[in-house]
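Please examine the model shown below and follow the account of its helix packing and overall composition.

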Amino acid sequence: MDDETRLTAHCVADASFVDTVHDLLDDLLARAASVGDEDQMLFRLAVGEVATNIVAHARSREPIEIDVTLTCDADRLTAVFTDNADPALIDLENVDMPDADAESGRGLAIALAALDELDRRSEHGNTWTLRRRLRRT
């Protein structure tokens, strides 16, 4: 793949947002035929977990709006979520997989394991950046 493919959407944080993200992923990966199955699967998993967490946990007095950008180039897959929610109170350095009996709390741990980089910045809302380097097969 020589060119970069970039897809974007502007959404409200509701259940349809997760469907929109999955549709964008389908479109992006259909255009990126050289991306291996493992890279596709793990990137989909991580992006889905973060998108679901935004919908489930983001809080604000105003309706939460999200801009999502998905990118694929010759070296990596990238997703960037930017929202207008209150800053997320999470320290990604201390995210661990919960005990086997836990009913929740696995999403970010799974995303961290599937990605080469997961970063969150809070300025006016939150910006989540997810990157997975493509493995050469």
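In this predicted model, the contact between H1 and H2 draws on residues from both helices: Ala15, Phe17, Val18, Val21, His22, Leu25, Asp26 and Leu29 on the side of H1 meet Gln40, Phe43, Arg44, Val47, Gly48, Ala51, Thr52 and Val55 on the side of H2. Sorted by class, the residues of this contact comprise 10 nonpolar, 4 polar and 2 charged.

The geometry of the pair may be considered next. Helix H1 spans residues 15-31 and helix H2 spans residues 37-57. Their axes lie 9 Å apart, and the packing angle is about 160 degrees. Angles over 145 degrees count as roughly antiparallel, and H1 and H2 are therefore roughly antiparallel to each other. The crossing in which H1 passes H2 is right-handed.

The two helices belong to a protein with 3 helices and 5 strands. Read from the N terminus, the order of these elements is β-α-α-β-β-α-β-β.

Contacts and surface complete the description. Of the contacts in the protein between residues at least 6 apart in sequence, 66% join residues that are at least 24 apart. Of the 137 residues in the protein, 41% are buried, where buried denotes under 20% relative accessible area.

Key:
Residues are numbered from 1 along each chain as its sequence is written. This is a predicted model: local features need pLDDT of at least 70, side-chain atom pairs count only at pLDDT 80 or more; totals for chains, interfaces and linings use all residues. Side-chain values use heavy atoms; hydrogens and water are left out. Axes are lines fitted to C-alpha atoms, for helices over the stretch in contact, and angles run from 0 to 180 degrees between N-to-C directions. Helices (H or I, at least four residues) and strands (E, at least two) are DSSP runs, numbered from the N terminus. Angles under 35 degrees count as roughly parallel, over 145 as roughly antiparallel, 65 to 115 as roughly perpendicular and the rest as oblique. A crossing is left-handed if the near helix is turned anticlockwise from the far one by less than a right angle, and right-handed if clockwise. Contact means heavy atoms within 4.5 Å. Ala, Val, Leu, Ile, Met, Phe, Trp, Tyr, Cys and Pro count as nonpolar, Asp, Glu, Lys and Arg as charged, and the others, Gly among them, as polar. Buried means under 20% relative accessible area, exposed over 50%, partly exposed in between (1.4 Å probe, protein chains only).
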